[in-house]
2 protein chains.
Amino acid sequence: MNGNFSKKDAIYCNNGAWEAFKKTLSNLQESSVFILVDPNTKKHCLPVFLEKSNLQKAYTVVEMPHGEVNKTISTCETIWTELSNKGADRGSLLINLGGGVVTDLGGFVAATFKRGIAFINIPTSLLAMVDASVGGKNGVDLGMLKNQVGLIQNPDAVIIDTTFLRTLPKKELVSGYAEMLKHGLIHSEKYWNEIQSFFEADEEEVAKLIWESVCIKKEVVDEDPREEHRRKTLNYGHTLGHAIESYSHQNSIRTPLLHGDAVAIGIILATYISSELLGFPKEKLEKVAEVIGAHYKKQSFSKTDIEAIIDLLAFDKKNRNGIVYFVLLTDFGDYKTNQTVTNELIYSAFNYYN
Amino acid sequence: MNGNFSKKDAIYCNNGAWEAFKKTLSNLQESSVFILVDPNTKKHCLPVFLEKSNLQKAYTVVEMPHGEVNKTISTCETIWTELSNKGADRGSLLINLGGGVVTDLGGFVAATFKRGIAFINIPTSLLAMVDASVGGKNGVDLGMLKNQVGLIQNPDAVIIDTTFLRTLPKKELVSGYAEMLKHGLIHSEKYWNEIQSFFEADEEEVAKLIWESVCIKKEVVDEDPREEHRRKTLNYGHTLGHAIESYSHQNSIRTPLLHGDAVAIGIILATYISSELLGFPKEKLEKVAEVIGAHYKKQSFSKTDIEAIIDLLAFDKKNRNGIVYFVLLTDFGDYKTNQTVTNELIYSAFNYYN
């Protein structure tokens, strides 16, 4: 199982991935190598990376603090300065070893350092493997607003090795799984059904399911790289999901939700709205709600919470002229973009979820 | 006199420029318009812009502080936040009205806001017209190091109107003139001779000379957008020029030099080194030194100054593997890239200048 989609969008998974890594390095002829990690990936993933890659070159480890709260321009500034002080030049290579925060931020740092240096992403979380690894989006948050600053630029290679998942906490696996569920919804009921066995599957089967997710996202992104139509489907469940995630981070009486946990709620809400507006089949909605209910801890939302979440929608990156557009489904794999949704319907959706 | 090079690299000068501006706006169908200024361009250029463009849309003025010292990621963060708070979305347009600091920083802000919004550059300084307007480079400084963070991305249009030069202080004109001198050196003795009358020319002649500079730079950039060979010639005089400029800013006993003033010195040094290493004709070197001596205030450099400037070369963006590469000339319009220069020769060059 491995794949090489195209020269500037080379994504590799398990078998053959480390050979591809070596080949990428030998093509780049980089002047120096920097590896971006956070404390967790430094401890758990860096030794695995060094063993698997059999890296024969001198390298410098650059460490950033852990978590979404540090996905900021200020962290970028620290890293740019460190790269500069440690002699990084235009021919240097940055290897981003970590979850979505490390690959998103590291990709942005590389794409803008001295107007762009080479970078390789090695996603170590399920979320980063099935989502951040494809499509070249990178960037950082601005205050409470996610990914407000960034670019679309593909890494020189993406190396997926499911070995990294062995040390990933279960809650992180569950969070990443939400994007696989989304891929099932926007792609096919067949893939949705396949991934129901994800948590019981062996490593080979897990790799196969991850690779299918990568392929689904890749197909969408290739058809519509600038997010003018079909790529909007990747935002399924994210319009409200992002707002819920932001709200959980800024509201101190709440535990901050992981991205996938917020998206899982967003998926139920979007599917309820889809059933009301576009006739997404009710029995399938029940099935979606049941699967998510089985994996994700129930949250509750008061009227005040919902009002605040609706207010946050105003900052969604996909807005235009102040109007919030949703992507909705008429069935698995059958979408409509640019749907407007009344606040009343959003309240009903939260009632359904509650 | 006007020109439209290509769809994504549309540069217009004087006649026809404002019609092109209107056409660009009508093609973009932007959701909202933001105009980035500094206090000087707000006062002197914004009224001219509003009259010339006959802008019929609502717009929001965003003001940044003046000068290179504010070309920082922190200024970007303030502007990104202001854009976000004032409802800018992916369909918004940013118009950068100002000198190189405003267009460099504003271009970077636009290219990374929500992963990229449309932007139009309206250079109001001579330096920005003949240099920053072409080639799509944008970015900000990192501490003392110039343009360490940025991108290459062309604006949706560049509108050059020499009317803006009427309110430009003389010293700013002289600073921008250094890039025209550089274009003469790297392009042809013919253009070098033509621009000798620049400060006595009428507005139409000035516009013609500026347009020729734009065309010279454009030809180079088109041939080599990623700066692999010929584009390096645009760096002529800049390797030492940038280091001198940085040094003048970080050394409190010196008056900070304008970019062009530092580049003018860098040009003399590079031309001396060219004559020593590559046989650039001595009598032409004398001519170059004489012209620059006539327009630019003499600076003096002690041994300590020169040592510090050489140390700063280590941070040049064009380095690779710690080696500083110069572009040098065998004659007007005839270059060699990737030349290494000993520190001894750099000392000799400063002696020649002193």
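Student: How far apart do the C-alpha centres of domain 1 of chain A and domain 2 of chain A lie?
Tutor: In this predicted model, 26 Å separates the C-alpha centres of domain 1 of chain A and domain 2 of chain A. Domain 1 of chain A covers 7–168, and domain 2 covers 172–353.

Student: How many residues does each domain of chain A bring to the contact?
Tutor: A pair of residues is in contact if their C-beta atoms, placed from the backbone, lie within 7 Å. Here, 21 residues come from domain 1 of chain A and 26 residues from domain 2 of chain A. On the side of domain 1 of chain A that touches domain 2 of chain A, strand 1 (11–13), helix 6 (126–132) and strand 7 each supply at least two residues. Helix 6 of chain A provides the largest share of that side, 5 residues. By class, the side of domain 1 of chain A that touches domain 2 of chain A has 12 nonpolar, 7 polar and 2 charged residues.

Student: How are two copies of a chain related in general?
Tutor: The relation between two copies of a chain is a rotation about an axis together with a shift along that axis.

Student: Through what surface do the copies meet?
Tutor: Of the interface residues of chain A, 100% are also interface residues in chain B, so the copies meet through the same surface. In number, 31 residues of chain A are in contact with 31 residues of chain B. Helix 4 (73–85), strand 6 (137–142) and strand 7 (145–152) of chain A each supply at least two residues of the side of chain A that touches chain B. Strand 7 of chain A gives the most to that side, with 6 residues. The class count for the side of chain A that touches chain B is 9 nonpolar, 14 polar and 8 charged residues.

Student: What is the secondary structure of chain A, and why is chain A described as being as compact as a globular protein of its length?
Tutor: Chain A has 14 helices and 10 strands. Its radius of gyration is 20 Å, close to the 20 Å that the globule rule gives for 354 residues, so chain A is as compact as a globular protein of that length. The C-alpha trace of chain A spans about 60 × 40 × 35 Å along its principal axes. Of the contacts in chain A between residues at least 6 apart in sequence, 73% join residues at least 24 apart.

Student: How is burial read, and what part of chain A is buried?
Tutor: A residue is buried if 20 or more other C-beta atoms lie within 10 Å of its own, and exposed if 12 or fewer do. Buried residues account for 52% of the 354 residues in chain A.

Student: Which residues have the most contacts inside the largest nonpolar core?
Tutor: They are Leu36(A), Ile267(A), Leu36(B) and Ile267(B), in a core of 220 residues. Beyond its neighbours within four places in sequence, Ile267(A) has contacts that include Ala178(A), Leu181(A), Leu185(A), Tyr236(A), Val288(A) and Ile292(A).

Student: Is Lys114(B) buried or exposed?
Tutor: Lys114(B) counts as buried because it has 26 C-beta neighbours inside 10 Å. Lys114(B) is found in the loop between helix 5 (100–112) and strand 5 (118–123) of chain B. From Lys114(B) to Lys218(B), the separation is 104 residues in sequence and 29 Å in space, C-alpha to C-alpha.

Student: Where does Glu63(B) lie, and which residues does Glu63(B) touch?
Tutor: Glu63(B) lies in strand 3 (residues 59–63) of chain B. Not counting residues up to four places away in sequence, Glu63(B) touches Val37(B), Asp38(B), Pro39(B) and Lys42(B). Glu63(B) counts as partly exposed, since it has 15 C-beta neighbours inside 10 Å.

Student: What is the phi of Asn54(A), and what is the phi of Gln29(B)?
Tutor: Asn54(A), a residue other than glycine, has a positive phi near 50°. Asn54(A) lies in the loop between helix 3 (46–53) and strand 3 (59–63) of chain A, and with 9 C-beta neighbours inside 10 Å it counts as exposed. Gln29(B), also not a glycine, has a positive phi of about 45°. Gln29(B) occupies the loop between helix 1 (17–28) and strand 2 (33–37) of chain B.

Definitions and conventions. Residues numbered from 1 in each chain as written. Chains lettered and ligands numbered in written order. Predicted model: local features only at pLDDT ≥ 70, side-chain atom pairs only at ≥ 80, totals over all residues. Contact = placed C-beta atoms within 7 Å. Helix = DSSP H or I, 4+ residues; strand = E, 2+ residues; numbered from the N terminus. Nonpolar A, V, L, I, M, F, W, Y, C, P; charged D, E, K, R; others polar. Rg over C-alpha atoms; globule rule 2.2 N^0.38 Å. Core = buried A, V, L, I, M, F, W, Y, C linked by C-beta atoms within 7 Å. Domains from an automatic or database assignment.
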